Amino acid sequence: MDYVLHILILVGIYVVLALSLNLLAGYTGLLSIAHAAFFGIGAYAVALMALTLGTSVWINVACAVIASGALGLVVSIPSLRIRDDYFVIVTFAFQVIVFNVLNNWVSFTGGPNGLPGIPQPVLFGWRPSTHFEFLCLVGCLAAAVFWVCRRLVTSPIGRVLRAIREDEVFVQACGKNPAAYKVVVCVISAIMAGVAGAVYAYYVSFIDPTSFTVAESIFIISIVIIGGAGNLWGPVLGALVLVTLPEVLRFLGLPSSIAANVRQVVYGALLVLCMMLRPQGLIGENVFQKNGRT
Amino acid sequence: MFSQLIINALIAASIYALVAAGLGLIYSTSRFFHFAHGIVFTCGAYTMFVLNRWIGLPLIVAAVLAVPLGGLIGIGMEIVVFRPLIRRSATPLVLLLASLGIYVVLQNVVSLVFGDASQSVRAASVHEGAAVLGARLTPAQLVGILASLSLLLVLMFLLARTRWGRAIRAVMSEPDLASVSGVNVGGVVLWVAAIGSSLAAAAGMLQALDVDMTPTMGMNPLMMGVITAIIGGFRKVPGLILGAMVLGLSQQCGAWFIGSQWQDSLAFFVLLAFLVVRSYRAGGRRVATA
């Protein structure tokens with residue numbers, strides 16, 4: 001039973017990550033390979049605060065919000081001038097730099113050994129410790145993030161974001177400032193991923209840099225694209241399918257030594273097939289095609 | 001020690017420039033960042049390993065054969081994935097994502113077949129390098145630098161002097177105009193995929209001769225190749241060589257002054273600085289087509 005709950009908790013965390021990337025990539029058209037970096041910054045902020053200063057949950061999470069938001073702000077600056085595939089390269093650069101800091105600044109982040117023994121959180125006297133209690137926590141977070149995303153994309157702000165994706169000059173001609181919107185959406189998206197990282201750190205109570213690699217970022221992108229970018233339910237469906245898929249493979253009796261590689265092969269192949277056969281994903285919009293440039 | 005720094009930069013730059021030349025060719029004709037280029041690099045090394053260790057060909061034959069076989073992988077990707085996508089006028093982002101997917105698939109296939117442990121084609125004994133101007137240089141490294149330089153010179157000659165290179169340059173700058181002038185654009189794109197991928201395979205093979213191979217060996221040269229291509233310019237081979245040297249030198253200096261674990265961060269920092277400065281100089285216009 002705990003195993004099923006564990007999978008559901010992971011689904012919940014990836015739903016949050018994918019929803020936040022969807023705001024950036026699906027709605028605004030800024031495809032980021034730095035989402036694992038935001039995720040990792042949030043997790044490390046919480047872990048470092050809890051382990052070194054022993055502060056309460058709310059202060060730790062506030063730190064995760066500030067740290068990931070600040071990184072989002074920094075990433076958003078190039079996005080004002082650099083678009084499309086070059087923005088992918090820029091975020092790739094941030095991803096590698098953040099991973100290297102987590103992995104190499106041993107005296108501060110523990111380096112490859114990671115940070116073990118993150119204490120359990122206490123929220124208003126409630127101390128979630130069982131899988132079921134964590135699932136409730138993650139479920140609440142996912143629901144809250146979904147609600148925020150929904151409010152954003154159904155509001156006039158969401159319309160401006162989609163307009164930026166389709167035609168930035170048009171947005172300027174309408175008297176809106178695309179730069180401001182891009183900065184704000186970048187920061188919001190980064191904060192959501194950072195909070196997901198905070199919850200993840202509390203849940204697993206041990207974090208190391210291997211959870212926040214480029215491959216992780218590519219996995220989050222795959223969730224959004226295969227589920228369906230530019231649609232609120234796309235990332236939810238994508239996370240559900242892609243996180244549970246390897247567990248199905250496990251029941252088919254693959255030895256665990258090759259399971260990880262087979263899993264990656266399946267994700268990569270799905271991404272390629274998706275681009276070739278169904279670029280809109282399972283239920284999304286074809287967001288990377290619409291501006292019709294050849 | 002200073003000469004060792006230059007030599008190390010030269011070794012790194014010879015790999016970066018080869019990878020970047022292939023990436024640049026493909027970017028200039030098809031307009032997308034070919035992430036799967038990194039896996040062609042890995043495949044070049046493992047093809048040599050299979051030919052040498054499993055089939056038993058002499059090392060030199062295996063090494064030379066790995067290059068055109070890498071080109072075949074590029075042709076395969078082009079025909080199976082990119083050509084259908086380009087025919088549907090896919091955007092650079094769609095092509096980039098497909099390429100990323102191919103990278104993930106093939107890297108894990110290599111892991112499944114060969115295991116994650118490092119494989120080698122080297123003979124049992126490791127020679128200490130010969131002294132060159134107070135620096136150490138192994139034969140494999142010398143071969144790497146010379147082979148890389150000669151391949152780049154051949155590429156330069158092909159692009160600049162032959163009819164065939166003129167067709168490639170025509171497709172790079174004006175695909176539509178080239179098409180109405182009777183250039184077979186699809187054919188040129190296929191050739192470019194073959195040549196570019198051969199160069200990546202050659203780079204992978206040369207690096208494996210020096211420092212062995214692992215399934216993930218292609219990621220780092222891919223990243224450095226992207227950086228080299230962006231700061232060196234995509235189309236001109238001398239620019240790429242210069243970009244590769246700048247990158248190699250700054251990495252080696254960084255390793256010397258800060259510590260070798262920060263090499264990648266430093267390289268990407270150079271890239272970020274370059275991109276931001278250039279994008280502001282370009283006054284906010286789209287600067288993708290270098």
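**Helices and chain contact in a predicted model**

Q: Which residue follows helix 1 of chain B, and what is its phi?
A: The model is predicted. Helix 1 of chain B is followed by R31(B). The phi of R31(B) is positive, near 65°.

Q: How far apart are the end C-alpha atoms of helix 1 of chain B?
A: Helix 1 of chain B covers residues 2-30, which is 29 residues.

Q: How many residues of helix 1 of chain B are buried?
A: Helix 1 of chain B is largely enclosed by the rest of the structure.

Q: Which helix of chain B supplies the largest share of the side that touches chain A?
A: The contact takes 40 residues from chain B and 35 residues from chain A. On the chain B side, helix 3 (59-87), helix 4 (92-114), helix 9 (219-232) and helix 11 (263-281) each supply at least two residues. By class, that side has 29 nonpolar, nine polar and two charged residues. The largest share, 15 residues, comes from helix 4 of chain B.

Q: How is helix 6 of chain A oriented relative to helix 9 of chain A?
A: The axes of helix 6 (residues 131-154) and helix 9 (residues 178-204) of chain A come within 11 Å and cross at roughly 180°. An angle over 145 degrees counts as roughly antiparallel. Helix 6 of chain A is therefore, relative to helix 9 of chain A, roughly antiparallel.

Q: What class of residue makes the contact of helix 6 of chain A with helix 9 of chain A?
A: Helix 6 of chain A contributes F134(A), L137(A), V138(A), L141(A) and V145(A). Helix 9 of chain A contributes M192(A), V195(A), V199(A) and Y203(A). By class, this contact has no polar, no charged and nine nonpolar residues.

Conventions:
Residues numbered from 1 in each chain as written. Chains lettered and ligands numbered in written order. Predicted model: local features only at pLDDT ≥ 70, side-chain atom pairs only at ≥ 80, totals over all residues. Helix = DSSP H or I, 4+ residues; strand = E, 2+ residues; numbered from the N terminus. Expected span 1.5 Å × (residues − 1). Buried ≥ 20, exposed ≤ 12 C-beta atoms within 10 Å, placed from the backbone. Contact = placed C-beta atoms within 7 Å. Nonpolar A, V, L, I, M, F, W, Y, C, P; charged D, E, K, R; others polar. Axes fitted to C-alpha atoms, helices over the stretch in contact; angles between N-to-C directions. Parallel < 35°, antiparallel > 145°, perpendicular 65-115°, else oblique.
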